[in-house]
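Please look through the sequence and the structure shown here before reading on.

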Amino acid sequence: MKKSYTILLLICLFATLLSACSKNEASESAKKESNVELTISAAASLQDVLNKIATQYEKENPNVSITYNFGGSGALQQQISNGAPVDLFFSAAEDKFDQLVKEGLIEKKLGTDLVGNELVLVVGKDSQNIKRFEDLIKVKKIAVGTPETVPAGQYATETLEKLELLKEVEKRIVYAKDVRQVLTYVETGNVDAGIVYKTDAMISSKVKVAAVAKEDTHSPIIYPVGVIKETSHRKEAEQFYKYLQKEETLNTFEKFGFKKVE
């Protein structure tokens, strides 16, 4: 009788442990399922402001983590066209974005022109010789983004052409993979001047703005953002897409030098 009672007790104990383990596994499984990592391919010029926005968003949405893939908009667009697993695309140029809409990779209804920017000529903090774009004929090296893949490089080329400077300076141009590399070249003194966005110039204490390009010298600088059609996290991607359009988020963009798009 005593032996039977002991066996029964052991069976009950084993069943309780098994049940507890199952509950823990189910809880861990549910936790894993609820945690979502969003991958966002974004123009390099958005790096600082988007990192700030991600920190705030993750505080408000602890089940979502944001991972950015920063680079030239053209290169990012090509990656997405070739099947890169991305949830949202944030471009520094409308044509790169429109290409993905044309390919059916972004739905038009889930895309919007979010912010704008300005194009500026930057030089080292101690430079005294360059005060306008026309002064570029005096320098040895000028850095711009590769026009085919970097929108800032495309805008820079348009500006130099409009000012009838391109033919005079094109042999002195050093091409960079994105605007941040252009900025680095100027900061380190590897070039005499560079053409970047106003927002890039604002984050560096080693450069100063020598001149601002007039709006009629280049195409409008617009940053569209949209949800990738084949995202595996559609609900969360759409939520973040809407969050980017909130007034408080747009105010954050403005603090980093971006302009609201009417």
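**Aromatic rings and the core around them**

One aromatic cluster is made up of Phe-90, Tyr-155, Tyr-197, Tyr-223, Phe-253 and Phe-258. The model is a predicted one, and the points below keep to what can be computed from its atoms.

**Aromatic pairs**

- The count of aromatic pairs comes to 10, and one of them joins Tyr-57 and Phe-240 edge-to-face, with 4.9 Å from centre to centre and 75 degrees between the planes.
- Because Tyr-57 lies in helix H2 while Phe-240 lies in helix H9 (residues 234–244), this pair ties together parts that are 183 residues apart in sequence.
- Tyr-57 and Phe-240 are both buried.
- Tyr-68 and Phe-70 form a tilted aromatic pair, with 5.0 Å from centre to centre and 35 degrees between the planes.
- Tyr-68 has a relative accessible area of 16% and is therefore buried, whereas Phe-70, at 23% relative accessibility, counts as partly exposed; the cut-off for buried is under 20%.

**The nonpolar core**

- The largest nonpolar core has 59 residues, and those with the most contacts inside it are Leu-46, Leu-50, Phe-90, Tyr-223, Phe-240 and Phe-253.
- When neighbours within four places in sequence are left aside, Leu-50 is in contact with Ala-42, Tyr-68, Phe-70, Phe-90, Leu-244 and Phe-253.

**Leu-46**

- Leu-46 sits in the loop between strand S1 (36–43) and helix H2 (47–60), and with 0% relative accessibility it counts as buried.
- Not counting residues up to four places away in sequence, Leu-46 touches Phe-70, Phe-90, Tyr-223, Phe-253 and Phe-258.
- Leu-46 and Gly-71 are 25 residues apart along the chain, and their C-alpha atoms are separated by 9.5 Å.

**Asn-117**

- Asn-117 is found in the loop between strand S4 (106–116) and strand S5 (119–124), and at 4% relative accessibility it counts as buried.
- The side chain of Asn-117 makes a polar contact of 2.8 Å with the side chain of Thr-199, and another polar contact, of 3.1 Å, joins the side chains of Asn-117 and Tyr-223.
- Leaving aside neighbours within four places in sequence, the residues in contact with Asn-117 include Tyr-197, Ile-221, Gly-257 and Phe-258, and of these Tyr-197 and Phe-258 belong to the aromatic cluster.

Note on methods:
Residues are numbered from 1 along each chain as its sequence is written. This is a predicted model: local features need pLDDT of at least 70, side-chain atom pairs count only at pLDDT 80 or more; totals for chains, interfaces and linings use all residues. Side-chain values use heavy atoms; hydrogens and water are left out. A nonpolar core is a set of buried Ala, Val, Leu, Ile, Met, Phe, Trp, Tyr and Cys residues joined through side-chain atoms within 4.5 Å. Buried means under 20% relative accessible area, exposed over 50%, partly exposed in between (1.4 Å probe, protein chains only). Contact means heavy atoms within 4.5 Å. Helices (H or I, at least four residues) and strands (E, at least two) are DSSP runs, numbered from the N terminus. A polar contact is a pair of N or O atoms within 3.5 Å; within protein, one must be able to donate a hydrogen and the other to accept it, and residues adjacent in sequence count only if both atoms are side-chain atoms. Rings of Phe, Tyr and Trp (its six-membered ring) pair if their centres lie within 6.5 Å; planes under 30 degrees apart count as stacked, over 60 as edge-to-face and the rest as tilted.
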